[in-house]
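This report concerns the nonpolar core and the strand pairing of one model. The sequence and structure are shown first.

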Amino acid sequence: MKNNGLEFWHKDCSDNRHMSMRNRPLELRFLTLTQAAEILQVSKRTLMRLIQERKIPASKVGGQWRVREGQLIKWADHNENLIRESEQ
């Protein structure tokens, strides 16, 4: 099923299409690199490096990198030391 160019590959995703991105559960919200960097309190450049090194899960949506908020928070909880080391 398609909705505005995005494919919904999971039944629950397509059922929530009436919700705005702000009201979606964390696991369904996609963040820009700027938003994700603010959450991690690192520079956008550091975040991009971590993504390129495959240390942070991210994917391209419409040619731009996006990070699922729920995944980012779980990742940050398990990798606090890596974040501090990467910013130095």
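A residue is termed buried under 20% relative accessible area, exposed over 50% and partly exposed in between (1.4 Å probe, protein chains only). The model is predicted: local features need pLDDT of at least 70 and side-chain atom pairs pLDDT 80 or more, whereas totals for chains, interfaces and linings use all residues. Residues are numbered from 1 along each chain as its sequence is written, and side-chain values use heavy atoms, without hydrogens or water.

Helices (H or I, at least four residues) and strands (E, at least two) are DSSP runs numbered from the N terminus. In α2, the buried residues are Leu33, Ala36, Ala37 and Leu40. These residues lie on the same side of α2, because they cover an arc of only 100° around the axis, taken from the directions from the helix axis to the C-beta atoms. Just after α2, Gln41 adopts a positive phi of about 60°.

A nonpolar core is a set of buried Ala, Val, Leu, Ile, Met, Phe, Trp, Tyr and Cys residues joined through side-chain atoms within 4.5 Å. The largest one has 15 residues, and Leu40, Leu47, Ile51, Ile56 and Leu72 have the most contacts inside it. Two or more residues each come from α2 (33-40), α3 (44-52) and α4 (69-78). Leu47 touches (heavy atoms within 4.5 Å) Leu33, Ala36, Ala37, Leu40, Val42 and Ile56, residues up to four places away in sequence not being counted.

Strands pair if DSSP finds at least two bridges between them.

| Antiparallel pair | Bridges |
|---|---|
| β3 (residues 30-31) and β5 (residues 64-68) | 2 bridges |
| β4 (residues 59-61) and β5 | 3 bridges |

Within β5, Val67 is the bridge partner of Leu31, and Trp65 that of Lys60. β4 and β5 form a hairpin with 2 residues between them, and Gly62 in the turn has a positive phi of about 60°.
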